[in-house]
Amino acid sequence: MPAPPARTTGVSRRVTLYEYPFNERIRAFLRLESLFDRLFYFAQPGDSRMHQQAMGALFELIEATERTDLKGGLLQDIERQRQALMNLREHPDVEPEVLDDTLAALERVAGQLFRQPRASQLLRENEWLASLRGRMAVLGGTTHVDMPSYHAWQSKDEAARCDDLQQWIAPFSVMREALDLLLDLLRRGGEIQREVAHAGAYRQMLHGKAGHLLRIWVDSSDGTFPDISANKHMIWVRFSTQEGRLRPQQLQRDVDFELALCQGV
């Protein structure tokens, strides 16, 4: 996944967010989110070398969507989420307008995603992109010596390159919207709690409680990071730090952190 940005808490402390998926479905969604983040970042106006990174991310995204039925998985999750939200309609703490807006967004994006052709069709319709994908799989295979046509594309005006990138990215826009909507609903479902890892280690028993995503915020001032393991029975976190060429070393001091268990549907 993309490295989530550090944020500042109410006590002026910068923290970094780490996320851990409980199942392969959520792991695939987080990987897809990371690819989208990289693609849209490097597709912005900029140097042709930035746009080469965008092309690499585009081909990785195409490969990821070809390997598994991500479209079908997203549609199934949207329907599960819609049914779960429908059951909350009579709940006294639910705001009807917010619920209706969320349900409408889910139905709209599901309809658009269902009607959208497979993203791999982009390559089938563009022989030049298909040949470029093959060259980029070769180490250093996109030089002007190996593929002059790509060198010519890189030499185009920035605006022309951006127009091409936006055209190639467009088939993925609905998938990205669906993914963002589902992950946002999942993340908002977790209640943030303050915890302490004594001697750098933390354990929480779940007693079979189904979790989908674990989120941990850590003080980023000293390079501390969590090594996370989790299943339906237990969460196990060990905090470490790494300096220079040394291997990461587990901390032996207490570590304050924040945790949210997102259960989802």
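The largest nonpolar core of this predicted model has 49 residues, and Met55, Leu58, Trp168 and Phe172 touch the most other members. A nonpolar core here is a set of buried Ala, Val, Leu, Ile, Met, Phe, Trp, Tyr and Cys residues joined through side-chain atoms within 4.5 Å. Buried stands for under 20% relative accessible area, exposed for over 50%, and partly exposed for anything in between (1.4 Å probe, protein chains only). Helix H9 (residues 173–188) brings the largest share of this core, nine residues. A second, separate core of 17 residues includes Ala197, Leu206, Ile216 and Ile228. As a rule, nonpolar side chains in soluble globular proteins tend to be buried together.

A word on conventions. Residues are numbered from 1 along each chain as its sequence is written. In this predicted model, local features need pLDDT of at least 70 and side-chain atom pairs count only at pLDDT 80 or more, while totals for chains, interfaces and linings use all residues; side-chain values use heavy atoms, leaving out hydrogens and water.

Back to Met55: leaving aside residues up to four places away in sequence, its contacts (heavy atoms within 4.5 Å) are Leu129, Leu132, Met136, Tyr150, Trp153, Leu165 and Trp168. Met55 is also among the buried residues of H2, together with Ser48, His51, Ala54, Gly56, Ala57, Leu58, Phe59, Leu61, Ile62 and Thr65. Helix H2 itself runs over residues 48–67, and its 20 residues should span 28 Å at 1.5 Å a residue; the end C-alpha atoms are 29 Å apart, which agrees. (The expected span is 1.5 Å times one less than the number of residues.)

Helix H3 (residues 70–86) gets the same check: 17 residues should span 24 Å, and the end C-alpha atoms are 24 Å apart, so the two agree. Its buried residues are Leu70, Gly72, Gly73, Leu74, Asp77, Ile78, Gln81 and Leu85. Their cover includes helix H1 (24–42), H2, helix H4 (96–115) and H9.

Zooming out, the protein chain has nine helices and nine strands; these are DSSP runs, numbered from the N terminus, with helices (H or I) of at least four residues and strands (E) of at least two. Its C-alpha atoms fill a box of roughly 60 × 55 × 35 Å along the principal axes. Of the 265 residues, 42% count as buried. Among contacts between residues at least 6 apart in sequence, 72% join residues at least 24 apart. The chain exposes about 15,000 Å², with carbon and sulfur atoms supplying 50% of it; accessible areas come from the Shrake-Rupley method with a 1.4 Å probe, and for residues only the protein chains shown count as cover.

As for charge, there are 33 positive and 37 negative side chains, and the centres of the two sets lie 5 Å apart. Lys and Arg count as positive and Asp and Glu as negative, with His and the chain ends not counted; each charge is placed at NZ of Lys, CZ of Arg, CG of Asp or CD of Glu.

Phe40 lies in helix H1 and counts as partly exposed because its relative accessibility is 23%. Not counting residues up to four places away in sequence, Phe40 touches Ile169 and Arg176. Its C-alpha atom is separated by 40 Å from that of Pro92, 52 residues apart along the chain. Ala199 sits in the loop between strand E3 (191–197) and strand E4 (201–205), where its phi is near 55 degrees, a positive value in a residue other than glycine. With 35% relative accessibility, Ala199 is partly exposed. Arg194, in strand E3, is exposed at a relative accessible area of 63%. Asp157, in the loop between helix H7 (148–154) and helix H8 (158–169), is exposed too, at 61% relative accessibility.
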